Amino acid sequence: MVFNLLFITTVIKSTFGVVTTGLWLIPLLLATITYYKYDQVDPEARAFDHQDLYADYDFIVVGAGSAGAVVANRLSEVRKWKVLLLEAGPDENEISDVPSLAAYLQLSKLDWQYKTAPSNKSCLGMKNNRCNWPRGKVLGGSSVLNYMLYVRGNRHDYDHWESLGNEGWGYDNVLHYFKKSEDNRNPYLSGNAYHGSGGYLTVQESPWHTPLVAAFVEAGTELGYENRDINGETQTGFMIAQGTIRRGSRCSTAKAFLRPIRQRKNFHLSLNSQVTKVIIDESNMRVKGVEFVKYGQVRRVYAKREVILSAGALNTPQIMMLSGIGPRQHLEEHGIKVLQDLPVGENMQDHVGMGGLTFLVDKPVAIVQDRFNPTGITLQYVLRERGPMTTLGGVEGLAFVHTPYSNRSLDWPDIQFHMAPASINSDNGARVKKVMGLKESLYQEVYHPIGNKDSWSIIPLLLRPRSRGWVRLRSANPFVYPIIDANYFDDPLDVKVLVEGAKIALRVAEAKVFKQFGSRLYQKPLPNCKKFRFMSDAYIECHIRTISMTIYHPCGTAKMGPAWDEEAVVDPRLRVYGIRGLRVIDASIMPTISSGNTNAPVIMIGEKGADLIKEDWFHNPEYRVNEKS
């Protein structure tokens, strides 16, 4: 923008040097003025942080993440509705735009910097046996911190939700909402019945790939898996990853859904506004509004219709419990008056995998930090929107495979692979070990000897864990982080499935196509696993429990279910049981985790949740009676 503005200014000066008058200058001057006020006409200019808020709004949305941004956009489509969106963090920055720099956002001020509780079953190679759980504290939420992978999950995930009593959540229903958001720019998917175009959210491949990802997909075919669109009719198979990027830059939900609506007069956004509780009228158990803190000042704002919690699977349950909605005994322990006894914070699920599975190569085809030409790569990115900086956080390939524990007659694989043309060693300890929280002794013994060596990796992920974790209050102080217990591998079958997934990953890496690169497994054993034969089932299990790689997909902590489901917190229309005017629309409502990266499903939940609100207020007599104009 600065270069273009300088160019236009130079043109005007040179033009004025020749001709100082003339009507032909007017269009040029208007164009220049318009460009000077670029933020007011550019659909991707940043949203406004409103300082003078109204006393009340029709709807208050808490959390501007992958769901909240969508909800605020869709509700403000109704011009007579005033909508307020509250976000605890600041706006995105320039680093967040660059796909390859995703890891540099973790542990920054844009990250809540959560950690799991210490465990003796997982995260054993991490400091204090605790896994880092990055969560976006920023406009756009975790869609600003994530690796941008666009994965919808499996048809059977949503049919299963519906079979649990959640009417309207089957695959045939939710497919419409996936397509509604999407603007898929992959030419080979144009006109596909499973993809949308013209939506707010841009989806496409990275414009730059290493030869390793092509080999990865071909290796899949050697093993009998097809190269396919894993977001299409069939999920099982291998593909080059699709991501939420636009012209080589990250397309967060803030960029996709909020920047285009910043001029709507009925939409207000308040940044750096941390909600501390929902205000509930105890006489009729109806939500009145929310209390939040902005720049140290406690403020209240009221909702004439509804409050929607879209703060994510960790913050949403924390806010609910602080407001008196949650497990009775737990709230009473913290001196919080119980307004509604519900299993808030339970049923937590996450995808966990095996990190650190490393393959060395002899050809310079991987991403290695010390071989980068920073100037050349940066110019390639800035000028052409191409090059290594467009990779999706470093992930290039995805695959979905069956272990012996899954039913092969169903297209419902139980393991996902993330393929990256790099590994823990590729930056010589500069960043990756920090965001993973690896113990220094482990890194020095195993990965430091191959620092900056050409390598690639496969991360096998457990798609449908049987184990359940929880999030609970550590304190009634809203600024004290909650206790997060992932409870990985509580069910012993989980680690057995993951062991089988790792064995399939090894077979992929042994495919003939990788021989051209001299690819081979790095065989330095982890120090605490040396007692087992290298790559035996027992060793692999030890490795999994040591480098327990979370891909940061917590969900399920405000479970959706019918009234007879004792574990349910919200009904199938996402209304909190027993509290009028309060809904949850985010990853918290998932009864079971989707089979794949959760960002796309959460955006879908935002789309469908907004439609449910519109349906209720426009078509439900009970809502019309209570409507306040």
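Modeller: What follows covers those topics in turn. This is a predicted model, in which local features need pLDDT of at least 70 and side-chain atom pairs count only at pLDDT 80 or more, while totals for chains, interfaces and linings use all residues. Residues are numbered from 1 along each chain as its sequence is written, and side-chain values use heavy atoms, with hydrogens and water left out.

Biologist: How many disulfides are there?

Modeller: Two, where a disulfide is a pair of cysteine sulfur atoms within 2.5 Å. With bonded cysteines counted along the chain, the pattern is 1-2, 3-4.

Biologist: What is the geometry of the link between C123 and C131?

Modeller: The sulfur atoms of C123 and C131 are 2.1 Å apart. The torsion about their S-S bond is about -105°, so this disulfide is left-handed.

Biologist: And are C123 and C131 buried or exposed?

Modeller: C123 is buried at 2% relative accessible area, and C131 is buried at 1%. Buried means under 20% relative accessible area, exposed over 50%, and partly exposed in between (1.4 Å probe, protein chains only).

Biologist: Which parts does the pair C529 and C542 tie together?

Modeller: C529 lies in the loop between β24 (520–521) and α16 (537–546), and C542 in helix α16, so the pair ties together parts that are 13 residues apart in sequence. Helices (H or I, at least four residues) and strands (E, at least two) are DSSP runs, numbered from the N terminus. The link of C529 and C542 is left-handed, with -85° about the S-S bond, and both cysteines are buried.

Biologist: Turning to the cores, which residues have the most contacts inside the largest one?

Modeller: I60, W169 and L258 do, in a nonpolar core of 90 residues. Such a core is a set of buried Ala, Val, Leu, Ile, Met, Phe, Trp, Tyr and Cys residues joined through side-chain atoms within 4.5 Å. Helix α17 (residues 599–619) gives the largest share of this core, eight residues. A second, separate core of 75 residues includes C542.

Biologist: What is the strand order in the open sheet of three strands?

Modeller: The order is β5-β6-β8, with mixed pairing; two strands pair if DSSP finds at least two bridges between them. The edge strands are β5 (182–184) and β8 (242–243). Strand β6 (residues 201–205) pairs with β8 in the antiparallel sense over two bridges, and the bridge partner of Q204 in β8 is G243.
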